[in-house]
Amino acid sequence: MKYSVTITLKKDVLDPQGKVVQNTLSNLGMTNLKSIRQGKFFEIDIDENDSKKAENLIVEMCEKLLANLIIEDYKINKLK
Amino acid sequence: MNITDKVIENHGLKKDEYKNIQKLLKRDPNFLELGIFSAMWNEHCSYKSSRKHLKKLPTKGKQVIQGPGENAGVVDIGDDDAIIFKIESHNHPSYIEPYQGAATGVGGILRDVFTMGARPIALLNSIHFGTPAHPKTKSLLNGVVSGIGGYGNCIGIPTVAGETKFSETYNENILVNAMAVGHAKKNKIFYSKAKGVNKAVVYVGSKTGRDGIHGASMASAEFDESSEEKKPTVQVGDPFTEKLLLEACLELMKDESIIAIQDMGAAGLTSSSVEMASKGSLGIELDLEKVPCREENMTPYEMMLSESQERMLIILEDNKEEYARKIFKKWDLDFVVIGKTTDTKNLVLKFNDEIKGEIPIEALSSKAPVYDRKWIRKKLPKKEIDIKKLKKISLEEGLIKILSSPNYSNKDWVTSQYDQMVMCDTLLKSGSDAAIIRIHNKDKAIAVSVDSSANYCNSHPITGGKQIVCENWRNLISVGAKPLAITNCLNFGNPENEKIMGEFAECLEGIKEACEYLNYPVVSGNVSFYNGTNKKNIFPTPVIGGVGLINNLNTYLSHHLKEEKNNLILIGKTFGHLGQSCFLKENYSISEGRPPEVNLLNEKNNGETVLNLINKNLIRSAHDVSSGGLITSLSEMAMSAKLGLKISKPRKLRNPTEYFFGEDQSRYILEVKNENLDKVQKYLKNNNIFYEIIGSTQKKYFEIEGEMKLDINDLCKINNQWYNNY
Amino acid sequence: MRSSVIVFPGSNCDRDITVALEKMQFKNEMVWHKETVLPKSDLIVIPGGFSYGDYLRSGAIAGKSLIIDEVIKAANGGCLVLGICNGFQILTETGLLKGTLQRNKNLKFINRDVFIKVVNNKTRFSLNYKKNQILNINIAHNEGNYFTDSKHLDELKNDNLIAFQYCDQIGEVSDETNPNGALENIAGIYNSKKNILGMMPHPERMIDNNISNTDGCSLFSSLLK
């Protein structure tokens, strides 16, 4: 089964990268830009047919390694 | 919100402290005011447990321009140059989020230094971790080292010296102390004292978010299982914005626009505004709706207690607003007038024209609680170790064990992650007794070093306090610098425990005695209490950061051996003291006994004499003898140069283990050319210095006559492997 | 010889390179990134540092700044351009140099002195070096792992566009002497016209025996000819 995981900084955590990217895009003329937050994206293929089990495993991956839960949130999406 | 007992407790305030607040206000505080009291009255901002003892430290001297009480200390280095420096802890945040905790620690200490008008020229750090075997140590080490590097490298200030140590005492509470050193012109130093009424109070730098709300309170509370829940308060560092803030501030400082300036560190807007008003005996009024915010719907409480990084508060002279605004605009930084100074001596907080809080400044500063906490003395341990009863270990075995241990291994793995050369004034890098930084465009330099010896301090705090000042002094002398002054970071356990308070009081007695004797005053520092978890306190760990002056670039030295066939002279008496030694710890896991005695008279005489010899250009290399004893120091000199040496058997009949591994103080090893040997000996004799000629340098082999002979490359290999295998 | 050093927010080797250029008798000017006109220059230097904090990708944001259009114009007109460290990364982001700089293979920042060898000593940047001369030089970067496609790599080799390679003390080029995982141990490259040099090591840190050595001097003195 295939999943994607998106990791972003938690809502209230400062995102220096996002801030600089946002300023630069505004300077490039994209003036109606409201806000940008950056993050990481993973595509994960696992050998598991039970989607419940698979999702639990992905959650475990996120919590144990992929996300730094102190400052980051994760979102899981099923791809196929 | 109602102020219940629970709310008061959550703010880290004791019941009688709350009563005191009611008395000072003559009413109950509201929630915002309670938050402000909690921030200003906690240990971190108020120094309530330590103040009484800190007062005793020597802080004055001809070389001192500014002692403790400002953002950082200032010393005179001749001409129109001044050095501004300070060390600070970021222990608890680094344990929770090692990368960001360490990074913001570096950022915070840099702001303390450039707030005063200095361009930072060097960063140092002292980091202590639990044992390598502890499950958390590896990731903490990785995170802290890359956090320190990440911030310093990005902002472009070289990280030139430091110490990385491991001990089980830090298993649940690591130490991350960062020191910054800056250079300024003597007549261009900026202070935090507000002057004049109706002056604009300006907010500059990053926007305010909900970062680190209650960080200062967290730094002053013991950890428990629920610490994990406090995690979201850890701040994220933005070294890029700090670089802009640094350049913008220095640009504005060229002019006469600034009356007072203060960085927003712990307790953010609260402590910076209170501090400036308090020093100037003024009041301050803030319109909080003007505070640049990163998040929507931030409350006055959040704004006042946020610890968002990379922000400053400035009080400007009249009619300078537009000039200053332009500079900050150039650097893409926020610049907003958020208030004014007043003559009410109150902190007045308005939000959309409504007064949300009003507190007398005095209540937050001079009337903050001061405690004379109970403390008890520690007895000098009686137990002496009889090494004849231990399994015999050869010199070679003993040395290899030390050089391959985590604490004595080559730290290249750590230091190569730091840019040590940016700014192009680093004359001597990490791994030496002290690092040396040239004053830009001048023919002089400063030497800097940070040191600690927690096991000595734990065994006998007074001796430990003395010893660590002396070791730091020796490290500066060894590179040819005249020691000027120190900054200290005092990492201790829970001060409410009288044993811990005793460790603090006694370490400070020791520091005071040594500093006074050596004319080596304390000009800045920081106290970090409550280091420990669930009633298990860390060893007392005062960290000393010293600065020395090198007036002539032709006379400084490294500890690298320079060439073959030079004489090696050991300065100072060797008694073979093994109590608390690295030899016993690494080879037998024994950490008992008393620390070596410190004789300040010898310390001073030996040090000054060695410094004079170095200044006369009679010495080729020098190294202080410290932890690990003579043999370890010799091996460091040899390995750093990949040059060998041969030590003859000590003439008097002595136990070689005690002779080579003993940690007696006040000792140095000097490398002297044959042609200078007579001159050096004569000078030593004239100054009543005890010395021994112990051997000479040679090609390739590290050799102790009749005891061991090792290829220097093998020794290096042994010394290099630990980090790479960890 | 007139030089211009472009300063971005977050540049931090701008002072160091200025000291080096002035020591080597260049008439130097610092140019702030918001400028739209370049002073008349024979050499443009993009210094090291962390322009825009290295956020997004190192060099990416600086590659979109106002002054960069002017740099590209000048470079295409034959002006000499030197990008050091972050400057090299910026040059690849603008397309003036091909390839890219990935994270070091050990995923850590590396600051140390390494050996590099002068592969091509026939350019305006390297005339005063001997062929295969070995330099001891400081590196300080997170992303110095040079990568490019095989077609471009062939071009680099066939047209003698590799400027420097990491090596050991005697010039041996091997995996052991590769500090960051760069393809073919590449430490610096030229564009096809050889008027643009991008390099990861810092020659401006090697002009003073007090702090290091003088192995960087010949690069600057070559440019003066």
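This passage describes the nonpolar cores of a predicted model and one helix of its chain C. Residues are numbered from 1 along each chain as its sequence is written, and chains are lettered from A in the order in which they are written. Local features need pLDDT of at least 70 and side-chain atom pairs count only at pLDDT 80 or more, whereas totals for chains, interfaces and linings use all residues, and side-chain values use heavy atoms, with hydrogens and water left out.

The model scores ipTM 0.96 and pTM 0.94; chain C averages a pLDDT (the predictor's confidence in each residue, from 0 to 100) of 96, and 100% of its residues score at least 70.

In helix α2 (residues 66-76) of chain C, the buried residues (under 20% relative accessible area; exposed is over 50%, partly exposed in between, with a 1.4 Å probe and protein chains only) are Ile67(C), Ile68(C), Val71(C) and Ala75(C). Because they cover an arc of only 100° around the axis, they lie on the same side of α2(C), the arc being that of the directions from the helix axis to the C-beta atoms. On the other side of α2(C), Leu66(C), Lys73(C) and Asn76(C) are exposed. Gly78(C), whose phi is positive, near 100°, follows α2(C).

Notes
A nonpolar core is a set of buried Ala, Val, Leu, Ile, Met, Phe, Trp, Tyr and Cys residues joined through side-chain atoms within 4.5 Å. Helices (H or I, at least four residues) and strands (E, at least two) are DSSP runs, numbered from the N terminus.
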